[in-house]
Amino acid sequence: MEEMIIGGIAIEDKEHIIDEIMNQYGQEILQLAYSYANNQAIAEDLTQDIFVKCYKNLHTYSGKAKLRTWLWRIAINHCKDFHRSWYQKNVVIAGEEFPINGTKKELVEQKVIQREEDDELISAIMTLPIKYREVIYLFYYEELPIKEIAAVTETGVNTVKTRLRRAKELLKERLEE
């Protein structure tokens, strides 16, 4: 994919390249944006903005890092900018809808209990400060190695390990309450 992009830029086929990137990484970026915004509509807007930035800056991709790392860096920076923005601090979203999970067939007691535990864990993760939330998300949900998380978050490997450990401690405290 990276070779196609570097070669593709020369032939001005940016639309095809961005389509491929969106197809391959779109859902991951949406999930990442949701982990920052905690709102589906805002996460979708952030994802769209991220891919617009990617499209505009495609010519800057040099191939030194993996395409995924480059794209995640753009996404994380954009989400952090959103958190610092006036909109995030001053606009309150009314009537947020939460997705309905499951079907009537899944009313088996064990699945209900598991779903409640998962929801409780997700809620606890969403209350963590962003620096802990992002490493938890990247490590456990995206299954990125610590070294790649360090590259994406522009921190050191030891910082990522410390944040993971601290995030687990905070989650444990919150879930035991």
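**Briefing: helices, burial and salt bridges**

Asp119 is partly exposed, with a relative accessible area of 35%; here buried means under 20% relative accessible area, exposed over 50%, and partly exposed in between (1.4 Å probe, protein chains only). The model is predicted, so local features need pLDDT of at least 70 and side-chain atom pairs count only at pLDDT 80 or more, whereas totals for chains, interfaces and linings use all residues. Residues are numbered from 1 along each chain as its sequence is written, and side-chain values use heavy atoms, with hydrogens and water left out.

**Overall architecture**

- The protein chain contains nine helices and zero strands, where helices (H or I, at least four residues) and strands (E, at least two) are DSSP runs numbered from the N terminus.
- Of the 177 residues in the protein chain, 37% are buried.

**Helix α4**

- Helix α4 covers residues 67-84, and its 18 residues should span 26 Å at 1.5 Å a residue, which agrees with the 26 Å between its end C-alpha atoms; the expected span is 1.5 Å times one less than the number of residues.
- Helix α4 is mostly covered, as 14 of its 18 residues are buried.

**Salt bridges**

- The structure holds six salt bridges, each defined as a side-chain nitrogen of Lys or Arg within 4 Å of a carboxyl oxygen of Asp or Glu.
- Glu28 and Arg68 form one of them, at 3.2 Å from N to O. Glu28 lies in helix α2 (residues 14-37) and Arg68 in helix α4, so the pair ties together parts that are 40 residues apart in sequence.
- Glu154 pairs with Arg73, their closest N and O atoms being 3.5 Å apart.
- Glu154 is exposed, with a relative accessible area of 57%, whereas Arg73 is buried, at 11%.
- Within helix α9, Glu169 and Arg166 are three residues apart, separated by about one helical turn. Their side chains meet in a salt bridge of 3.3 Å, N to O.
- Glu169 is partly exposed, with a relative accessible area of 35%, and Arg166 is also partly exposed, at 31%.
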